[in-house]
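Me: I'd like a close look at one part of this protein, please. Could you pick a residue, tell me where it sits and what it touches, and then walk me through the helices around that topic?

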Amino acid sequence: METILVNVEGHVATITINRPKALNALSTQVLTELDQALDEVAANKDVYALVITGAGEKAFVAGADIAEMKDKDVKEAATYGEFGNAVFRKIETFRCPVIAAINGFALGGGCELAMSCDIRVASENAVFGQPEVGLGITPGFGGTQRLARLVGAGIAKEMIFTARNIKADRAYAIGLVNSVVAAEELMPTVMKMANGIAKNAPVAVAYAKTAINEGLQKDIDGGIAVEVREFSNCFATEDQTYGMTCFLEKTKEKTFANK
């Protein structure tokens with residue numbers, strides 16, 4: 001792949017969008033290779049957490065590739081939007097938790113990419129925004145849907161209608177990101193979190209992700225039914241037997257990966 005780097009250390013994979021000269025803009029090639037990278041990581045059953053970030057010091061992803069989009073007709077734009085959304089849904093429903101390490105501009109498609117991840121950690125220099133209406137279009141990779149779900153409809157409408165960017169501290173205040181750290185601490189912080197996730201029972205973590213994601217689409221009774229389903233499914237796994245046995249036997253060091 002020319003625009004995507006994949007690295008695996010222990011039980012954590014990192015996907016880096018590697019177009020720093022273009023501020024990691026999402027071209028069709030980038031989306032295609034990102035889709036391939038996700039399949040590659042998903043096939044590695046030893047990966048229990050995934051980190052997505054951008055190359056360079058300026059941008060996570062500064063947006064979609066405007067030059068590529070400019071001359072699309074309605075049908076071509078629909079195809080492009082459907083493909084981008086399919087890739088981002090693959091991230092949202094990925095079999096293990098996905099953490100966005102947001103190291104700069106996260107605008108348009110970049111903000112949408114970050115929102116498709118489970119957890120977002122931003123550097124102090126990160127900037128967020130959905131500037132599409134200033135270009136004569138709407139967000140097209142899930143921005144109108146995920147932003148409203150994350151920060152509420154009122155703030156989402158303000159960000160999208162005004163096309164104004166916000167800084168990392170404001171993103172944290174409205175709940176768009178989980179935390180903000182110094183730029184030099186971004187990757188160490190994210191990797192510590194990812195490795196912490198990877199130490200827990202991977203099947204249970206995956207089931208918990210499913211329960212949260214599916215439950216948010218239902219009323220409380222429907223959500224509880226999903227939770228009970230995933231909770232009970234855990235009792236058919238080796239992880240449950242191993243984890244509870246270690247607890248009862250007061251095992252100090254338990255490693256689900258090597259049980």
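Reply: Let's start with Glu92, which you'll find in helix α3, the stretch covering residues 74–92. Keep in mind that this is a predicted model. Is Glu92 buried or exposed? Its relative accessible area is 18%, and since buried means under 20%, Glu92 counts as buried.

Now for its partners. The side chain of Glu92 makes a polar contact with the side chain of Arg89, at 2.8 Å. If you skip residues up to four places away in sequence, Glu92 touches Ser116, Asp118, Arg146, Lys209 and Asn213.

Stay with α3 for a moment and bring in helix α1, residues 28–42. The axes of these two helices come within 10 Å and cross at roughly 30°. That angle is why α1 counts as roughly parallel to α3, the cut-off being under 35 degrees. As for handedness, α1 passes α3 in a left-handed crossing. Which residues meet there? On the α1 side, look for Thr28, Leu31, Thr32, Leu34, Asp35, Leu38 and Asp39. Facing them from α3 are Tyr80, Phe83, Gly84, Val87, Phe88, Lys90 and Ile91. Sorted by class, this contact of α1 with α3 has eight nonpolar, three polar and three charged residues.

Ser116 belongs to α4 and Arg146 to α5. Helix α4 spans residues 109–116 and helix α5 spans residues 143–151. Their axes are 10 Å apart, and the helices pack at an angle of about 55°. So α4 and α5 are oblique to each other. Here, too, the crossing has a hand: α4 passes α5 in a left-handed crossing. From α4, Glu112, Met115 and Ser116 take part, meeting Gly143, Arg146, Leu147 and Leu150 of α5. By class, that contact divides into three nonpolar, two polar and two charged residues.

Ala183 lies between β10 (179–181) and α8 (186–198). With a relative accessibility of 47%, Ala183 counts as partly exposed. Leaving out neighbours within four places in sequence, Ala183 is in contact with Ser123, Glu124 and Asn125.

Methods: Residues numbered from 1 in each chain as written. Predicted model: local features only at pLDDT ≥ 70, side-chain atom pairs only at ≥ 80, totals over all residues. Heavy atoms only, no water. Helix = DSSP H or I, 4+ residues; strand = E, 2+ residues; numbered from the N terminus. Buried < 20%, exposed > 50% of the residue type's maximum accessible area, 1.4 Å probe, protein only. Polar contact = N/O pair within 3.5 Å; in protein donor to acceptor, adjacent residues only side chain to side chain. Contact = heavy atoms within 4.5 Å. Axes fitted to C-alpha atoms, helices over the stretch in contact; angles between N-to-C directions. Parallel < 35°, antiparallel > 145°, perpendicular 65-115°, else oblique. Left-handed = near helix turned anticlockwise from the far one by under 90°. Nonpolar A, V, L, I, M, F, W, Y, C, P; charged D, E, K, R; others polar.
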